[in-house]
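Thank you all for coming.

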Amino acid sequence: MEHPARLTVGVVGAGRVGAVLGAALARAGHGVTGVSAVSAASLARAADLLPGVPVREVPDVVAGAELVVLAVPDDALADLVAGLTATGAWQAGQIVVHTSGRHGVSVLEPTRPHHVLPLALHPAMTFTGTAMDLERLAECCFGVTADDALRPVAEALVVEMGADPVWVLEADRAAYHAALAHGANHLVTLTSEAMELLARAGVAEPRKLLGPLMRAALDNALRLGDTALTGPVARGDVGTVEDHLRELDRLSPEIRRTYVALARATALRALDSGRLRPAAAEPLLDTLADQEP
């Protein structure tokens, strides 16, 4: 694969993602010429991950770069692009990359009359905003959306950062992002709730007990899909589920609601995949339906 020429890089937003990707591009040999940072945390990340790189105002970061990385929250991206376009900040031939999972390249449409090269490169990873993330990029994929003519450029940039590109159509971008948020963000909620219940059950080190179980469950699910389902819902053990619901009602009505929603979804998937017999599914689903608000 041909690698792009060494580029000057401007990073707009020294959040957890922007600072790390700027550091990854610098490690690949590109020159980061400016970064924007406002909060104390962003300034600290910039100093740690991009040492010696000047902190500049956003227009100055853009003006000094051949590759501009827009690493801002999803809801702020369109307004940022519109503002920079209105002030004539873009330069012909600039590569403009955003890191939003939600958006494809259509959000960069206002830049096209300025003859920039728009790319959507979303790292499918949770970031800490530390040097640890640079090593995690080696196991990471990027959701990439780009014009066909720009695919080689997008692929080369992702590979240079140590990751693998996965192509996502513009029309599928929202579904792609929903899948990642559902799988990763809700996993954090699920894990935190499970650890909270274990602590209330008197377990001194919930993560020590839960960690091996959840890692094995995740590994099995990734390899086997629905056939990895185990537990009382997949078996149709209505009595066990009813015991769980009574105890959750006592300990945490909020977690109980999560349990009911996920148990119902699990039962339906187990039924559809043949893991749960219809005769066992009916009373289980009736019990769970009775628990819905």
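Predicted model: local features only at pLDDT ≥ 70, side-chain atom pairs only at ≥ 80, totals over all residues.

In which strand does Asp-164 lie? Asp-164 lies in strand β7, residues 164–167, where strands are DSSP runs of E of at least two residues and helices are runs of H or I of at least four, both numbered from the N terminus. Residues are numbered from 1 along each chain as its sequence is written, and side-chain values use heavy atoms, with hydrogens and water left out.

Let me stay with Asp-164. At 44% relative accessibility, Asp-164 counts as partly exposed; buried means under 20% relative accessible area, exposed means over 50%, and partly exposed is in between, with a 1.4 Å probe and protein chains only. Leaving aside residues up to four places away in sequence, Asp-164 touches Cys-140, Cys-141, Phe-142 and Val-158, a contact being heavy atoms within 4.5 Å. The C-alpha atoms of Asp-164 and Cys-141 are separated by 4.6 Å, although these residues are 23 apart along the chain.

That brings us to the two cysteines. A search of the whole structure finds zero disulfides, a disulfide being a pair of cysteine sulfur atoms within 2.5 Å. The sulfur of Cys-141 is 6.4 Å from the closest cysteine sulfur, that of Cys-140, which is too far for a bond. Cys-140 is buried, with a relative accessible area of 3%, whereas Cys-141, at 32% relative accessibility, counts as partly exposed.

As background, nonpolar side chains in soluble globular proteins tend to be buried together.

Why is strand β1, residues 8–12, described as largely enclosed by the rest of the structure? Four of the five residues of β1 are buried, so the strand is largely enclosed. The chain crosses from β1 through helix α1, residues 16–27, to β2 in a right-handed β-α-β crossover, meaning that, with the strands pointing away from the viewer, the path from the first strand over the helix to the second runs clockwise. β1 pairs with β2, residues 31–36, in the parallel sense over five bridges, and pairing requires that DSSP finds at least two bridges between two strands. Four bridges also join β1 to β3, residues 67–70, again in parallel. Val-9 stands opposite Val-32 in β2 and opposite Leu-67 in β3.

Finally, the chain as a whole. It has 12 helices and seven strands, and of its 293 residues, 39% count as buried. Along its principal axes the C-alpha trace spans about 65 × 40 × 35 Å.
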